[in-house]
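Subject: Structure handover and notes

Dear colleague,

Please find below the structure that I am handing over to you, followed by my notes on what was found in it. I would be grateful if you could read the notes with the model open beside them.

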Amino acid sequence: MSEFDLIRQHFTRTTQNTDLGIGDDAALISIGAGMQIAISADMLVSGTHFFADADPYAIGWKSLAVNISDMAAMGANPKWATLAIALPNNDVAWLAQFSAGFFACAQAFHVDLIGGDTTRGPLTISVQIMGELPKGKALQRSGAQLGDDIWVSGRLGDAALALAHLQGQLVLPESLLASCATALHTPQPRVKLGLALRDIAHSAIDISDGLLADLGHILEASTVGATLELSLIPHTQSDVFVNDLRDPQQLKIVLAGGDDYELCFTAAATKRAKILQLSTQLNLPLTLIGEISAGSGIVVHGMHHEIIEFKETGFDHFS
C-alpha cells in the first residue's frame, strides 16, 4: 500500500464543517461573521505518552480527545483537525484500529479531519485542532480574579491510578480498574461544559499535567495565588486511598497525577447557583475546591486545616 492509498483507506471521510477537505494542497474552511478560530496542537510519542503495545483504538481516540479538551478549556466549539503521523511500518491492522478510534472521537464531537501528513519513523502522532467561538468570549488563563471560587469537573486521579497499576506501583481492585482504565485510555473532553462556561467563568484550563501544575498556569497568567481544601477535591473513594490522603503516592495521584482532561475553572462566588444548576443539566459533577487569593502559588490545606507540603506539581517532559 502506498502512502496515498494509506491516507485514502484509513483517513479520508466525508466532512461536516469543511468546504474542501483531504485531497488537495490545503483545506478550505469558512467561519461565521463575528467569530474567532481557536487553534492548538499536541504530540503523542510512543513510550512517553502511551505504551508501545497500547490498544491502537484507544491511541486513536486519545490523540484527538486531548486536543478537543484544549478547545473545551477555551470555550471553543471544535470543528477541524489535522493529523501528522510517523509510522515504523505499514501495519494495516494497527492502522484500521487507530483510525477507527480517531474517527469515533471525531464523530462524537463533530470534528472533521481535513489534512495532515504521513511518514516512516518512530511512532509519533501530532494533531492540530481548530475550533470557533464568538469574538471576545474565549475562556483564558489570565482572567482569574481575587475572591473567585475554584472549581473542577468530574473527579481527579483515576487516569493516574490506572497508570500506576500498569506500572506495578499499586494493585487496583477489579471493580475499580475498568473505570480508571477508561479514564486513562479514552478521556471524555468537557466540550459542553466549556461552551456553557463562556458567560460564567473568568478563567479555565484543562487538567492534563496535574491539578497543581495546570492551576498554576492560571495563577501565573492572572498574577494571583490560590488556596485549596484537600478534603473537597473529588477523587475515587476506595481501599486504595486512606481517608486523609497522607500517603505521598496518593497525594501525588490526586494533586499532580495528570491525564484527567477535566476542566479547572474560576468564577465569582455569585455564580455558584448557576454552576450547580449547570452540573445538574450536564449530569457532570462540578466541585468547588478552593479560592483565588492575593500573592502567588498554591496553599493546600489538609483534613485538619494543616498546610500540606508537596514537591511534585505535575508532569514535565524535561524535568
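Trp94 and Phe98 both lie in helix α3, which covers residues 92-108, and they are four residues apart, about one turn of the helix; helices here are DSSP runs of H or I with at least four residues, strands are runs of E with at least two, and both are numbered from the N terminus. This is a predicted model, in which local features need pLDDT of at least 70 and side-chain atom pairs count only at pLDDT 80 or more, while totals for chains, interfaces and linings use all residues. Residues are numbered from 1 along each chain as its sequence is written, and side-chain values use heavy atoms, with hydrogens and water left out.

Both Trp94 and Phe98 are buried, a word that stands for under 20% relative accessible area, with exposed for over 50% and partly exposed for what lies in between, using a 1.4 Å probe and protein chains only. Rings of Phe, Tyr and Trp (for Trp, its six-membered ring) are taken as a pair if their centres lie within 6.5 Å, and planes under 30 degrees apart count as stacked, over 60 as edge-to-face and the rest as tilted. By this rule the count comes to four aromatic pairs. The ring centres of Trp94 and Phe98 are 5.1 Å apart and their planes are at 10°, so this pair is stacked. A second stacked pair is made by Trp151 and Phe265, because their ring centres are 6.3 Å apart and their planes are at 5°. That pair links distant parts of the chain, since Trp151 is in strand β5 (residues 149-153) and Phe265 is in strand β8 (residues 263-267), 114 residues apart. Trp151 counts as buried because its relative accessibility is 3%, and Phe265 counts as buried because its value is 0%. Ring pairs also link Trp94, Phe98, Phe102 and Phe103 into a cluster.

Elsewhere, strand β7 (residues 225-229) has two partners to look at. It runs antiparallel to strand β9 (residues 286-293), to which four bridges join it, and Thr227 stands opposite Glu291 in β9. With strand β10 (residues 297-301), β7 runs parallel, and five bridges join the two; the bridge partner of Gly225 in β10 is Gly297.

A search of the whole structure finds six salt bridges, each being a side-chain nitrogen of Lys or Arg within 4 Å of a carboxyl oxygen of Asp or Glu. One of them is formed by Glu132 with Lys79, whose closest N and O atoms are 2.6 Å apart. Because Glu132 lies in strand β4 and Lys79 in strand β2, this pair ties together parts that are 53 residues apart in sequence. Glu132 is buried, with a relative accessible area of 12%, and Lys79 likewise counts as buried, at 15%.

Another salt bridge joins the side chains of Lys137 and Asp199 at 2.7 Å, N to O. Lys137 lies in the loop between β4 and β5, and Asp199 in the loop between α6 (191-196) and β6 (203-206), so the pair ties together parts that are 62 residues apart in sequence. Here Lys137 is partly exposed, with a relative accessible area of 33%, whereas Asp199 is exposed, at 56%.

Arg272 also forms a salt bridge, with Asp149, and the closest N and O atoms are 2.7 Å apart. Arg272 lies in helix α9 (residues 272-282) and Asp149 in strand β5, so this pair ties together parts that are 123 residues apart in sequence. Arg272 is partly exposed, with a relative accessible area of 38%, while Asp149 is buried, at 3%.

Technical notes. Pairing = 2+ DSSP bridges.
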